[in-house]
Amino acid sequence: MRIKISLPLETFAGRADRMAPGAEVKIAPDSPLKWEDRRVGTLVSAMVDPLGQAVEVVAEVADADAVRALRADGWPYPITLPTVERLAEIIDGAPEVPGMPPGKWIVYSVGCCWWTTDVRDSVHSSRPGAPIPLCPTCGAPLMQAPAAKFIAAAISRPDHYGPAGLEAFLAAFRAPCHRAWTDYEIPEV
Ligand SMILES: [Zn+2]
């Protein structure tokens, strides 16, 4: 399983501006990174952030549990899991919401791409007596669906979300909305 890790430049020995995708990266002697003992996994590549503030590294690890163990261990740098693993974490972290039936729910827009796991992210119409939850960006009405079923359906048809596939679906989670999946800007990996 491939993960992305964002690391500060001082983690690396040598000049970061010489790094390019696929370049061999030398780790500074005092770095907390331990590629050599496979605490993180096998280093695949490194890319320099255009702003020069961080280096994004792609590493191969056994599975998501290895990443969770690292985090539990106090791993200090951001790790981006593959899309399907991130979607699983969204279901795991979905709250039970007072006023909703028991279980985990997705609330999604019928007029744009916005979705959330928490109905409290929505705004409400002012219609007296029966407020309708609405997308907080564009005001489109919302629907709800069981979380696991909704995400399983998305995973089963990544083509629905355009060339970026599930990355576009994930980009719409709790973010300012767009009408079309192709409107989400997805950084290339
Ligand atoms: Zn919207």
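Gly139 is partly exposed, with 14 other C-beta atoms within 10 Å (a residue is buried if 20 or more other C-beta atoms lie within 10 Å of its own, exposed if 12 or fewer, and partly exposed in between, with C-beta atoms placed from the backbone). The model is predicted, and local features need pLDDT of at least 70, side-chain atom pairs count only at pLDDT 80 or more, and totals for chains, interfaces and linings use all residues. Residues are numbered from 1 along each chain as its sequence is written. The loop that holds Gly139 runs between strand E10 (133-134) and strand E11 (142-146); helices (H or I, at least four residues) and strands (E, at least two) are DSSP runs, numbered from the N terminus. Gly111 lies 28 residues from Gly139 in sequence, and their C-alpha atoms are 8.6 Å apart in space.

Strand E11 belongs to an open sheet of three strands, ordered E8-E7-E11, with antiparallel pairing (two strands pair if DSSP finds at least two bridges between them). Strand E8 (115-116) and E11 stand at the edges with a single partner strand each, so one side of each is left without a neighbour in the sheet. Between strand E7 (residues 105-109) and E11, five bridges are found in the antiparallel sense. Within this pairing, Val107 has Gln144 as its bridge partner, and Ser109 stands opposite Leu142. On the E8 side, E7 is joined by two bridges, also antiparallel, and Val107 stands opposite Thr116.

Helix packing was examined next. The axes of helix H2 (residues 83-93) and H3 come within 10 Å and cross at roughly 165°, where axes are lines fitted to C-alpha atoms, for helices over the stretch in contact, and angles run from 0 to 180 degrees between N-to-C directions. H2 is therefore roughly antiparallel to H3 (angles under 35 degrees count as roughly parallel, over 145 as roughly antiparallel, 65 to 115 as roughly perpendicular and the rest as oblique). In the contact, Val84, Leu87 and Ile91 of H2 meet Ala147, Ala148, Ile151 and Ile155 of H3; residues are in contact if their C-beta atoms, placed from the backbone, lie within 7 Å. Seven residues of this contact are nonpolar, with no polar and no charged ones (Ala, Val, Leu, Ile, Met, Phe, Trp, Tyr, Cys and Pro count as nonpolar, Asp, Glu, Lys and Arg as charged, and the others, Gly among them, as polar).

Note on methods
Two residues are in contact if their C-beta atoms, placed from the backbone, lie within 7 Å.
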